[in-house]
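Good morning, colleagues. I would ask you to look at the sequence and the structure together while I speak.

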Amino acid sequence: IKVEKEGHLTIVIISRCNQRNAVDSKTAQLLYEAFDQFEKDQDAKVLILTGDHGTFCAGADLNEVATGSRPDLAPVGQGIGPMGPTRMTLTKPSIAAISGYAVAGGLELALMCDLRVVEEDSVMGVFCRRWGVPLIDGGTIRLPRLIGLSRALDLILTGRAVHADEALSMGLANRVVSKGNALLEAKKLGQELCKFPQVCLRNDRMSAYGQFDAENFDAALKLEFQLGMESLEKESRDGAKNFKSGQGRHGKFDDIRSKL
């Protein structure tokens with residue numbers, strides 16, 4: 001695992017070229033630690049997860065699984081996820097920059113990110129279907145939430161490959177870019193997010209996720225209101241003053257700056 005910092009961006013790179021960036025137990029631990037450090041770093045605003053050598057991640061390292069050398073997996077609530085950070089709930093945005101294959105557990109890593117920037121020749125899918133290896137890093141939960149149950153079951157049950165254009169059409173990908181440019185475009189997107197007032201951005205993000213765990217619609221509205229009031233108190237008045245002074249007129253975004 002390599003971790004790089006560019007301004008307020010934290011870039012986490014999976015780098016196991018001989019294994020197509022498949023994740024073994026050591027790599028899973030390092031991934032978790034990198035995500036945890038990002039969450040604790042007050043100067044870091046956006047995390048970008050990507051893979052080295054033209055591949056995002058081919059999933060769990062099946063060589064470790066086949067030999068029985070992988071340590072016992074920890075139950076939920078008693079340790080990290082099999083792929084590392086997949087049981088975490090981040091409070092800040094994350095982006096997956098996908099080149100090559102993002103399959104099986106690699107797909108699950110991509111799903112835990114808020115946004116996915118996908119190169120035009122990339123392939124995504126539940127390829128572990130062929131080997132009886134289950135989705136146990138949130139894939140059966142996050143995938144239906146992202147693209148709907150019907151489409152998710154198509155991918156989960158068949159294990160078929162999904163190419164970039166189809167991924168975009170079903171909402172699995174947020175941006176499709178030319179080959180070799182996923183990380184560059186993810187950085188541009190991350191820098192855009194860094195410009196916005198961060199309390200409001202993070203609170204609106206948390207409300208969008210929080211609705212899934214809310215008891216009912218009213219409970220979801222209460223959470224949205226609670227988080228919104230914090231944003232109003234901490235940022236909205238200054239934001240309104242900036243608009244009054246002439247910033248952001250006619251839908252412009254290029255003159256918006258965050259104080260955080």
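Let me begin with a term: a residue is buried under 20% relative accessible area, exposed over 50%, and partly exposed in between, with a 1.4 Å probe and protein chains only. This is a predicted model, in which local features need pLDDT of at least 70, side-chain atom pairs count only at pLDDT 80 or more, and totals for chains, interfaces and linings use all residues. Residues are numbered from 1 along each chain as its sequence is written, and side-chain values use heavy atoms, with hydrogens and water left out.

I turn to the backbone. Most residues other than glycine have a negative phi. Ala104, however, has a positive phi near 55 degrees. Ala104 lies in the loop between β5 (101-103) and α3 (105-112), and counts as buried at 8% relative accessibility. His53 also is not a glycine and has a positive phi, of about 65 degrees. His53 sits in the loop between β3 (46-51) and α2 (62-67) and is partly exposed, at a relative accessible area of 49%. The elements are DSSP runs numbered from the N terminus: helices are H or I of at least four residues, strands E of at least two.

How do α4 and α5 pack? Helix α4 (residues 139-147) meets helix α5 (residues 149-158) at an angle of about 135 degrees, their axes 7 Å apart. Axes are lines fitted to C-alpha atoms, for helices over the stretch in contact, and angles run from 0 to 180 degrees between N-to-C directions. The angle therefore makes α4 oblique to α5, a term for what is left after roughly parallel (under 35 degrees), roughly antiparallel (over 145) and roughly perpendicular (65 to 115). Contact, meaning heavy atoms within 4.5 Å, involves Thr140, Leu143, Pro144 and Ile147 of α4 with Leu149, Arg151, Ala152, Leu155 and Ile156 of α5.
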